[in-house]
Amino acid sequence: MNLFSAARTGAFLLVVSVVPAGMGDVATAAETDPSTVEHFERSVRPLLANHCFECHGAEKQKGGLRLDSPAGIEAGGDTGPILSPGQPADSRIILAVSYEDEDLKMPPKTRLSADQVKILRDWVSAGAAMPASPTGAEPVTRGAGFEINDEDRRHWAFQPLRRPAVPAVKDPSWVRNPIDAFVLNQLEKRGLSPNPPAERRLLLRRAAYNLTGLPPSPEEVEAFTADEAPDAWPRLVDRLLGSPQYGEKWARHWLDLVRYAESNSYERDAAKPNAWRYRDYVIRSLNADKPYDRFVREQLAGDELPDRDNSSLIATGYYRLGIWDDEPADRELAHYDALDDIITTTGQVFLGLTIDCARCHNHKIDPISQADYYRFVAFFRNINHYKNGGPTDEALLFENDQQRQIYEQGMATLNGKRHQTKQELAAIERRFRELHPLEAGDADAVFKAIKEDGGKVLGAKTFARYEELRSELTRLNGEEMAAERALVVTEAGINPPDTFILLRGNPGAHGEAVQPGFPTVLGHPPPADFKAPGNAHSSGRRLALANWIASPSNQLTARVMVNRIWQHHFGRGIVRSPNDFGLQGDRPTHPELLDWLAAEFVASGWSLKAMHRLIMNSNAYLMSSRGRTDGLAADVDNELFWRFNMRRLTGEEIRDSILSVTGTLNPKMHGPSVYVEIPKAVMATQSVPGKGWGESSPEEQARRSIYIHVKRSLLVPILESFDLAETDRTTPVRFASVQPTQALGMINSEFLTRQAASMADRLRREHPDDLTRQVGRGLALVTSRPPTATEVEESLELIRKLTRQEQLPADRALDHFCLVLLNLNEFFYLD
């Protein structure tokens, strides 16, 4: 295998961005094939909803035409059918959107783009596939007379959660646990077989990255491949789950979902005080295997729990992670925008529902009414609006009552000194006004007059005392008692304000009042009462919502979470749209498996680690990712999981792996975030270059990426170029894009240059005066396998060329070799 190619200048031309077939978060073949129902649901229906439903939907049917259901599309309008499947030239809908008929141009105000017209034309050309309507089913009503019909209620995600029977299979020898039976059952129906197991070293690397986000060391690879005990694999899984790095890796998945950042966005993008404590809360919770139902309750209502503690208070920082405009043009609208951010995140992350789509009108796709949206808003209506610090955004953290008493006594003493100083100042000011009457004026006017005439009116001694007291008060007001603080949510008392449906989402146009309630289609009654046993200053509404979401009877919560766990092990969820389990989302490829896993999750006490063990001890997880002719022909998108999916490392995994193999990774956990060096050219993109970006020591900068300060307007280049999660909204799936800046940054950045030099130093340290062993060690570190003799010889030849042809010193040549190693595809990709 030829690993390297050298450019004339001594830099290297590296193919680092080749994506193997089937890689990346790209659309599936079914979604892009216009002949499929999936294509209609993912491309055609949303286009019609955004551009046509206003005039041809539930509330209005111009020309007698409805486009919000397959039945309506097939029926056509007053002038007859609009579709001739397979014949776009004869289909009136294509003539209308193409503006080919002078008398028929739709939409009339804003013409569709060429790409949008092509979506419709290709769909009609391929036969205009749509989901079949059940016999006797009425078109879904999504208008003023909002109704939910039986078809809505039959949607798979809205069904009660029940544990399905494990299916029988023809080849039970492959079944290690029930997961395998569900997967194999589907494969056998399609005449496919599962892939054989991957090599042991590949399995170790897969497990290490999936659970810790870090590569295994060559010593770990050697030990595992030599361990022939039957329980070698389960012991490995347990060891990785027990490592503190597990929490750091899986916390990053959760932070993607909850739009984690430590600044507010907008022009000033000021820092959110103590936001890092929420990040540490997530890491600690996952490492402790905190039951997921408790994890949910703490974030949504940790301050209202009867057994609330510091951890549950910190968890409510969840509410404060979103963007915030510190000078909005319309404060009332900004308040509802902040509530919408909470509705969006809570609905999609915990329930897999796009409730936020019903803010201004009834949901155009899902059976969620505008009234449902505002009933959901009512749970959060009493939250104090974020102000970036202060008593409504922060809580003091005490480990015990004694610590609290010390703080309160210290504050009482401090406040006493402030009061006494103010009293003495006021007495001098009153004396001044008696001796030197002022026509009018506030406290500032009095201070100015004393400053000018105090010495003459009061005498030098009294005036000197006055200035001394002013300085003392300034000092006392700036003094704070030492105490840990956390970013939290608070409410405005026990009596929430009324919540109204806002007509078209306008805060100035109130509709009818609503009470807190859950999406009607799910069939759960509204909460009977509200109690906040842990907080005498809160309404208890959020606790009622949290208890409902975290209930075993909620048909969505467990399904959504096990789908996410599966997604991060297999590269995609059983439901490909992990934040959307509604009608517009993808249907599960293995619905019975999803329900079985969800039921098992609840039965296990909502243990995430139990689910990891279950999944990773299945033969489905152990499969090789290699392609097979029959599998690729029958199932190119791997919908059936006949093989394991390859994946590229995330930006955080790439950076952390570089630090790991170069020997510079600082394992320190928790605490305030760190600031890594950012190129001046990137800093210059800020309105005030460098503002809000601190300096950390080299040791602190070498910590894992999860501890880097997340400033929305200034993202770290290596993380951003490798598809860092969006910080303004929930990110359920990371992209895996291919772009030139990735290769340029990996070859030319100061960070990579320094890390390559550090790796070379490590190799020289570990194997002084032995270039062959240095090369072999370097290859083993980045590939997680022993190198072949050919690879070692190629490497040595590359170094010889650099010294002979490029006239590089031996040390510099090894530095350049290490830069090549850090750019190998085998380092970037799993399997």
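The crossing of α12 and α22 is right-handed (a crossing is left-handed if the near helix is turned anticlockwise from the far one by less than a right angle, and right-handed if clockwise). This is a predicted model, in which local features need pLDDT of at least 70 and side-chain atom pairs count only at pLDDT 80 or more, while totals for chains, interfaces and linings use all residues. Residues are numbered from 1 along each chain as its sequence is written, and side-chain values use heavy atoms, with hydrogens and water left out. Helices (H or I, at least four residues) and strands (E, at least two) are DSSP runs, numbered from the N terminus.

**Helices that cross**

Two packed helices are described by the angle between their axes and the distance between the axes.

- Helix α12 spans residues 244–257 and helix α22 spans residues 557–570; their axes come within 12 Å and cross at roughly 120 degrees. Axes here are lines fitted to C-alpha atoms, for helices over the stretch in contact, and angles run from 0 to 180 degrees between N-to-C directions.
- α12 and α22 are therefore oblique to each other (angles under 35 degrees count as roughly parallel, over 145 as roughly antiparallel, 65 to 115 as roughly perpendicular and the rest as oblique).
- On the α12 side, the contact is made by W250, H253, W254 and L257, and α22 brings M561, R564, I565, H568 and H569. Contact means heavy atoms within 4.5 Å.
- The residues of this contact of α12 with α22 divide into 5 nonpolar, 3 polar and 1 charged. Ala, Val, Leu, Ile, Met, Phe, Trp, Tyr, Cys and Pro count as nonpolar, Asp, Glu, Lys and Arg as charged, and the others, Gly among them, as polar.
- Now look at helix α33 (residues 771–783) and helix α34 (residues 789–804): their axes come within 10 Å and cross at roughly 115 degrees. α33 passes α34 in a right-handed crossing.
- L771, T772, V775, G776 and L779 of α33 meet E791, V792, S795, L796 and I799 of α34 in this contact. The contact residues of α33 with α34 divide into 6 nonpolar, 3 polar and 1 charged.

Most residues other than glycine have a negative phi, and most peptide bonds are trans.

- A cis peptide bond joins M106 and P107, with omega about -10 degrees. You can find P107 in the loop between α5 (92–98) and α6 (114–125).
- D289 has a phi near 55 degrees, a positive value in a residue other than glycine. D289 sits in the loop between α13 (276–287) and α14 (292–301).
- Although D289 and L608 are 319 residues apart along the chain, their C-alpha atoms are separated by 6.4 Å. Not counting residues up to four places away in sequence, D289 touches S607, L608 and K609.
- F641 also has a positive phi, near 60 degrees, and is not glycine. F641 belongs to the loop between α26 (629–634) and β5 (647–648).

**Buried or exposed**

Buried means under 20% relative accessible area, exposed over 50%, and partly exposed in between (1.4 Å probe, protein chains only).

- F641 is buried, because its relative accessible area is 0%.
- S551, in the loop between α21 (541–549) and α22, counts as buried because its relative accessibility is 16%.
- The side chain of S551 makes a polar contact with the side chain of S553 (2.8 Å). A polar contact is a pair of N or O atoms within 3.5 Å; within protein, one must be able to donate a hydrogen and the other to accept it, and residues adjacent in sequence count only if both atoms are side-chain atoms.
- K448, in helix α19 (residues 443–458), counts as exposed because its relative accessibility is 53%.
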